[in-house]
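Dear colleague,

Here is the structure I said I would pass on. My notes follow it.

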Amino acid sequence: NKIAGGWSSTHVRTVPTMMLLRQSCRIHQMLPRSSPPATFPHLVRINASTLKRGICTAPNKMLRRLCYSPPAKGATAITKKWSWVCQQRRPMTVYGDGKRWTGALGTGWDDMMDPARQLSNDDGKLSELRWEGGGGDVGIEEGIRLGRIKNVVGAAAGWGHTALVVQPENSDATKLLVCGRPHDFQTLLRLRRLPSFLRNFALQSSLREHRDKEQSLLDKVVSVLTSVNKEVVKTDDGHEIERPISVLPTFTEIFLPEGDKPASSLSLRNNDVMPRTFLAASAGLTAIVGQSGTLYTIGINNRGQCGTGKFTNNVWTPTPIMNPSQEGPIIDVSLGLQHGLALDDGGNLFTWGKGERGQLGQGAGSAMENTTSESALKVDDFRLLSDKSGRRNVLTGEDAQVISMSAGMNHSAAVTKSNHAFVWGKNVSPPGPDDGKGKPAVDSSSPRLVEGLPSDLQIVAVTCASHHTAFLLEDGSVWGIGVATDNGQPIMEKAVEMIPAGLIEMPPRQFVGHFDRTTVVGKGGRQVLEVQLWSHEELREGAALTPPWMDQIETDETVRFVSQGWMHKVVATDD
């Protein structure tokens, strides 16, 4: 019935038969940007009933991945309250994939600057991550190689670094491991624009400085251009020295203050439907919840994004956030580009960092509207739509308690106990009559009620990708608002369905937003779906895809969680 030509393919769509799913350029947008475009030399016939059953005999392996996964058994009989599937922790293995020159995979200096790595594209191949341990100083251990990382209970991929929490079996002793560039992302932006041979030369210059080798004048110029960060530390004899730490080439342990240990998912269950996030990473920023319930941050702090109570260029060691309104332990954390969100066990939501686009949610007319804050601020201005009198009802008491929250690149979102969803920040609201012509969307400094969600279904969780927000409902459907991937147009008036009910194996192990997509890991760990927000209903049909890297997961392994950074990803599996 409909024929459309793509850049290098033809999209033929019939009802009820689909002869070719999407254009190759559309398929390529849904896969990691490093993946080769999916091309099909011939038309493949797949009928609608086959898609619903999750059975596809298409000869092309890439095309078979576009088919629906089979619906979960009993998906129509989902109860109001689920028990979290991760009640018994099993040993986990963590894999990485992406640009090795960033250092975010912890493969070491030699591998980062191997010319063959610079000129070749081996992305898409998962490899086991490794770490080093031993004696050391200033809270960072350095020593001999121990081998593959096991027993991973948390992972977060930032723009150019990776953070892991590991916990040996039958032990409460957790460790925080970090590699890459945890205090920098401007350098990554500059290096990313360079041709590979110039980027390799810049990295070689950094290598000479890290290994205390003599630098030429050109090396020193390159080091300045690539912003080698340095930390001033004291030696045992009292002398102060500068230690370059712009890159941690291998995983190194970072210690929390006062003997606190990183939290694990089990210690933060709190009888929730979905597992809480105790480790988050962003652009030169890392946040970790301790077993004490204290939230610590490290990284860039020129916008107050560490929330420590003051503005500095960097926070070098884990430091508690300044949160005078906190009433209980922190149980959830999320990081945007330059702002953060935290939730305590009383349902109180806090934000800090950059707020020029309203992402701190402090409300129109407040003293902190559209300002940057170096300390955590409480978000409590949750208002429903205006009644006939023109007043907007403010949620109070238990109704205003937040049960789920998330930070996007420059926006934020939350779900309250009253089963209402809110968004605020950059380009999250339809333009009003006073906003001028030609603006498809405007900022909102106050939490704005999301319309269009089914009112008779409970909202289980919310997650923010870079430019869209997705909501998981109790029937397994996923709804979203935000900026469409295909044409950049905002979808703000009402939420649209991104994944239909019955497709996700409920309850999922993970529901998380990444740069341009939302990832769902099903109950059994063998179902992984990625979905983006599309402008047209036809594009949203069957838009949930299985990522290509799932072919590399062994049949006896199940995926626990996925974290997608700017140029790399981390995947943790159960052994």
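A polar contact here is a pair of N or O atoms within 3.5 Å, where, within protein, one must be able to donate a hydrogen and the other to accept it. By that rule, the side chain of N348 makes a polar contact with the side chain of K378, at 3.2 Å. A second polar contact, also listed at 3.2 Å, joins the N348 side chain to that of E327. Please keep in mind that this is a predicted model.

On confidence: the protein chain has an average pLDDT of 75, and 67% of the residues score at least 70. Over residues 1-90 the pLDDT is below 50, although the model gives this stretch 183 contacts beyond near neighbours in sequence. Residues 133-147 also stay under 50, with 37 contacts beyond four places in sequence. Where pLDDT is low, the predicted coordinates should not be read in detail.

Back to N348. The residue sits in the loop between β22 (339-344) and β23 (349-353). Is N348 buried or exposed? Its relative accessibility is 10%, and the cut-off for buried is under 20%, so N348 counts as buried. Leaving aside neighbours within four places in sequence, N348 is in contact with E327, A342, L343 and K378.

β22 and β23 form a hairpin with four residues between them, and G347 in the turn has a positive phi of about 80 degrees. The two strands pair in the antiparallel sense over five bridges, with L343 standing opposite L349 in β23. On its other pairing, β22 joins strand β21 (residues 330-335), antiparallel and over five bridges. There D332 has L343 as its bridge partner in β22. β21 and β22 also form a hairpin, with three residues between them.

How many of the residues of β22 are buried? Six of the six are, so β22 is largely enclosed by the rest of the structure. In a regular strand the side chains alternate between the two faces of the sheet. In β22, H339, L341 and L343 lie on one side and G340, A342 and D344 on the other, and both faces are covered.

Elsewhere, the largest nonpolar core has 30 residues, of which L176, F278, L279, I288 and L295 touch the most other members. Strand β18 (residues 285-289) supplies the largest share of this core, four residues. Beyond four places in sequence, the contacts of I288 include V165, L176, L256, F278 and L279. Another core, of 23 residues, lies apart from this one; A461, L472, L539 and A544 are among its members.

Regards

Key
Residues are numbered from 1 along each chain as its sequence is written. Side-chain values use heavy atoms; hydrogens and water are left out. Buried means under 20% relative accessible area, exposed over 50%, partly exposed in between (1.4 Å probe, protein chains only). Contact means heavy atoms within 4.5 Å. A nonpolar core is a set of buried Ala, Val, Leu, Ile, Met, Phe, Trp, Tyr and Cys residues joined through side-chain atoms within 4.5 Å. pLDDT is the predictor's confidence in each residue, from 0 to 100. Two strands pair if DSSP finds at least two bridges between them.
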